[in-house]
Amino acid sequence: MLSSIIYLYVLLIFVTRIKHGQSLCSCNQPDLDFATGVNLLYYKCNSEIPATIAYPITVPQTLLKVLDDNKRTIFYVYGYEQFPENNNVQIMMKALCYGRTDNVVLLDWSKYSNGTYASVFRNAEKVGSLFAQSIQLLVESGLDVSKIYIIAHSLGAHIAGFVGKCNTFKIPRITGLDPANPIFYLPGCYLTRNDAMWVDVIHTDKGGYGTPTSMGTADYYVNGGTRPQPGCKLFALPLSDTDFCSHQKSVVLYAKLKRHPMKFVAKECFSFIHYKLNNCYKIWKIDIGYAAQNM
């Protein structure tokens, strides 16, 4: 199984100095009709049926009754055209539940995650402000800020960024898994390195469905960060599972590394151009994904 992780995953890393503008970000709360049907799903991570408990996004405080105070709480946010039962989402949820190391909560915004790019993106911004408020309510009710960790894929990564933009506190970490490419959308609000104390980003479809630019404190480029990733095709029917393959590899890689941590050889560079010019200043053996640490 480990060989399937190792076989061509060569990583590059650089620390970004880019600060994206926030002028298009709004923390205004949508009305209750919009919020209805958007939930936080707590995963029991055992064999009990039902396997999850749903908590409305606007009143999440009772979630605290089921959280283990001794564990970190991981919130996972999926992306465009996904939903809780989606195979790519389930790969991640099973991995996060593995070993029962953390409290695991899924942001279920499936009510708005399907449709045209423009409409889903605009709704995602509203979901982002709701998510930020729900985290604030949980913190005000006793959730330890230092034990909050958000992992988010694709468009979900931009939703996750609202938690940092709309609150006065900063959570320790956001991991963006191939954040959605801004060129597909109208001008809007995107994940930045300022949205948590540490923002690490794994790129697997740079310039495709994933963003071509750095967005994190540290950005990792798997096999150069571009398609086709191992086992994927360069071209396929747009928006098909085959076409999403490289974009979703970020999730697959994170999930595998949650179960089987391993170190990668990486070059630290000021920018991707410096990497291309072989002008990098340090070579590391590093963890990425779940076991990664702020350097």
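Let's start at Cys25 and Cys189, which form a disulfide with their sulfur atoms 1.9 Å apart. This is a predicted model, and you can follow the link on the structure above. A disulfide is a covalent bond between the sulfur atoms of two cysteines. Here the pair joins distant parts of the chain: Cys25 sits in the loop between strand 1 (11–14) and helix 2 (32–35), while Cys189 sits in the loop between strand 7 (173–177) and strand 8 (198–203), 164 residues apart. The angle about the S-S bond is 95 degrees, and the link of Cys25 and Cys189 is right-handed.

Are these two cysteines buried or exposed? Buried means a relative accessible area under 20%. Cys25 has 21%, so Cys25 counts as partly exposed, whereas Cys189, at 1%, is buried.

Now look for Cys27, which forms a disulfide with Cys166, the sulfur atoms being 2.0 Å apart. Cys27 is in the loop between strand 1 and helix 2, and Cys166 is in the loop between helix 5 (155–165) and strand 7, so this pair ties together parts that are 139 residues apart in sequence. The link of Cys27 and Cys166 is left-handed, with -90 degrees about the S-S bond. Cys27 has a relative accessibility of 35%, which makes it partly exposed.

Another disulfide joins Cys45 and Cys97, again with sulfur atoms 2.0 Å apart. Cys45 lies in the loop between strand 2 (39–43) and strand 3 (52–56), and Cys97 lies in helix 3 (residues 87–97), so the bond ties together parts 52 residues apart in sequence. With -60 degrees about the S-S bond, the link of Cys45 and Cys97 is left-handed. Both Cys45 and Cys97 are buried.

How many disulfides does a search of the whole structure find? The search finds five. If you count the bonded cysteines along the chain, the pattern of pairs is 1-6, 2-5, 3-4, 7-8, 9-10.

Let's move on to the nonpolar core. The largest one has 80 residues, and Tyr76, Leu107, Trp109, Phe131 and Ile150 are the ones that touch the most other members. Helix 4 (residues 117–140) gives the most to this core, with 10 residues.

With a relative accessible area of 1%, His153 is buried. Which residues does His153 touch, not counting residues up to four places away in sequence? Among them are Tyr76, Val77, Asn88, Leu177, His247, Gln248, Ser250 and Val251.

Some of those contacts bring us to helix 6. Helix 6 (residues 245–259) has 15 residues and reaches 21 Å from its first C-alpha to its last, close to the 21 Å expected at 1.5 Å a residue. Why is helix 6 described as largely enclosed by the rest of the structure? Because 12 of the 15 residues of helix 6 are buried. Among the buried residues of helix 6 are His247, Gln248, Ser250 and Val251, and these four also touch His153.

Gly164 has a relative accessible area of 6%, so it is buried. Not counting residues up to four places away in sequence, Gly164 touches Lys170 and Asp195. Gly164 and Asp31 are 133 residues apart in sequence, and their C-alpha atoms are 21 Å apart in space.

Finish the walk at strand 9 (residues 218–222), which is mostly covered: five of its five residues are buried. In a regular strand the side chains alternate between the two faces of the sheet. You can trace this in strand 9, where Ala218, Tyr220 and Val222 point one way and Asp219 and Tyr221 point the other, and all are buried. Strand 9 pairs with strand 8 in the parallel sense over four bridges. To find one of these spots yourself, look for Val201, whose bridge partner in strand 9 is Asp219.

Note on methods: Residues are numbered from 1 along each chain as its sequence is written. This is a predicted model: local features need pLDDT of at least 70, side-chain atom pairs count only at pLDDT 80 or more; totals for chains, interfaces and linings use all residues. Side-chain values use heavy atoms; hydrogens and water are left out. A disulfide is a pair of cysteine sulfur atoms within 2.5 Å. Helices (H or I, at least four residues) and strands (E, at least two) are DSSP runs, numbered from the N terminus. Buried means under 20% relative accessible area, exposed over 50%, partly exposed in between (1.4 Å probe, protein chains only). A nonpolar core is a set of buried Ala, Val, Leu, Ile, Met, Phe, Trp, Tyr and Cys residues joined through side-chain atoms within 4.5 Å. Contact means heavy atoms within 4.5 Å. The expected span of a helix is 1.5 Å times one less than its number of residues. Two strands pair if DSSP finds at least two bridges between them.
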